[in-house]
Amino acid sequence: MAVYMAKQQAHANADQSERLSKHDWIVAALQEVGNGGVAQVRIEVLARALGVTKGSFYWHFKDRDALLGEMLRFWQQSLTSAVGRFVRTKIETPRDRLSYLLGLASEDRSDVPGGTIEHALREWARSSELARHAISDVDSERLTIIAEIYRDMGMSKSRAAAAALLALSHLIGVNVIHRDVGLQAFRAQREVCLEFLLELPERMQ
């Protein structure tokens, strides 16, 4: 959602294209990651997509590596940390918090866990220490957020951790499978799977 909205905003500001913000470049980079992997994140490609010259890039970033580092931080903060803060402070009951997270992560978007953006970042992490640390931090933060909810639903610390691992593994895996088997087949089983995850506190007693 954050990727889509920012991209739309960038197009809406076409008349001010040479004054794009750092955020516009970061979001465009993340979108290109989802489209073709990290190798697709090239300054000339981004400039063309945003309708600006490469000079606009260097106003905000020293080089491509600086952009990639900022992109990883944005990915973690906007798509994991911010979501965690929202569910902790804005949604009252543990079941509603878990239902919100599961629903959000199951949407048909490129920036969900296991979606095209994350899949490309995990591939990059095989050869990049920077990406590997970011992936590790995001996975740890997600597991913490989900485990806290399961604990609030009455599970012990060890069982909540196991339930969080099961839930996150499902969400990442099902979004990978979704790309291969198609949305219709995915939707046919999604609700059953999500209900199972919501019922884990009862099932794991």
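This is a predicted model: local features need pLDDT of at least 70, side-chain atom pairs count only at pLDDT 80 or more; totals for chains, interfaces and linings use all residues.
**Entry 1**

I started with helix H2 (residues 22–36) and helix H7 (residues 116–125), whose axes are 7 Å apart at an angle of about 80°. Angles of 65 to 115 degrees count as roughly perpendicular, so I noted H2 and H7 as roughly perpendicular to each other. Next I asked which residues make the contact. From H2 I listed Leu 30, Val 33 and Gly 34, and from H7 I listed Thr 116, Ile 117, Ala 120 and Leu 121. Sorted by class, the contact of H2 with H7 has 5 nonpolar, 2 polar and no charged residues.

**Entry 2: charged pairs**

Side chains of opposite charge can pair when their charged atoms come close. I looked up the count, and it comes to 15 salt bridges.

In helix H5 (residues 64–90), I found Glu 70 and Arg 73 sitting 3 residues apart, about one turn of the helix. Their side chains meet in a salt bridge at 3.6 Å, N to O. I wrote down Glu 70 as partly exposed at 24% relative accessible area, and Arg 73 as partly exposed at 42%.

Then I turned to Asp 111 and Arg 109, which form a salt bridge at 2.8 Å, N to O. Buried or partly exposed? Asp 111 is buried, with a relative accessible area of 7%, whereas Arg 109 is partly exposed at 22%.

**Entry 3: a network**

My last stop was helix H8 (residues 129–152), where Asp 139 and Arg 142 are separated by about one helical turn because they are 3 residues apart. Both are buried, and their side chains meet in a salt bridge at 3.6 Å, N to O. I also noted that Glu 118, Arg 122, Asp 139 and Arg 142 are linked in a network of salt bridges.

Definitions and conventions. Residues are numbered from 1 along each chain as its sequence is written. Side-chain values use heavy atoms; hydrogens and water are left out. Axes are lines fitted to C-alpha atoms, for helices over the stretch in contact, and angles run from 0 to 180 degrees between N-to-C directions. Helices (H or I, at least four residues) and strands (E, at least two) are DSSP runs, numbered from the N terminus. Angles under 35 degrees count as roughly parallel, over 145 as roughly antiparallel, 65 to 115 as roughly perpendicular and the rest as oblique. Contact means heavy atoms within 4.5 Å. Ala, Val, Leu, Ile, Met, Phe, Trp, Tyr, Cys and Pro count as nonpolar, Asp, Glu, Lys and Arg as charged, and the others, Gly among them, as polar. A salt bridge is a side-chain nitrogen of Lys or Arg within 4 Å of a carboxyl oxygen of Asp or Glu. Buried means under 20% relative accessible area, exposed over 50%, partly exposed in between (1.4 Å probe, protein chains only).
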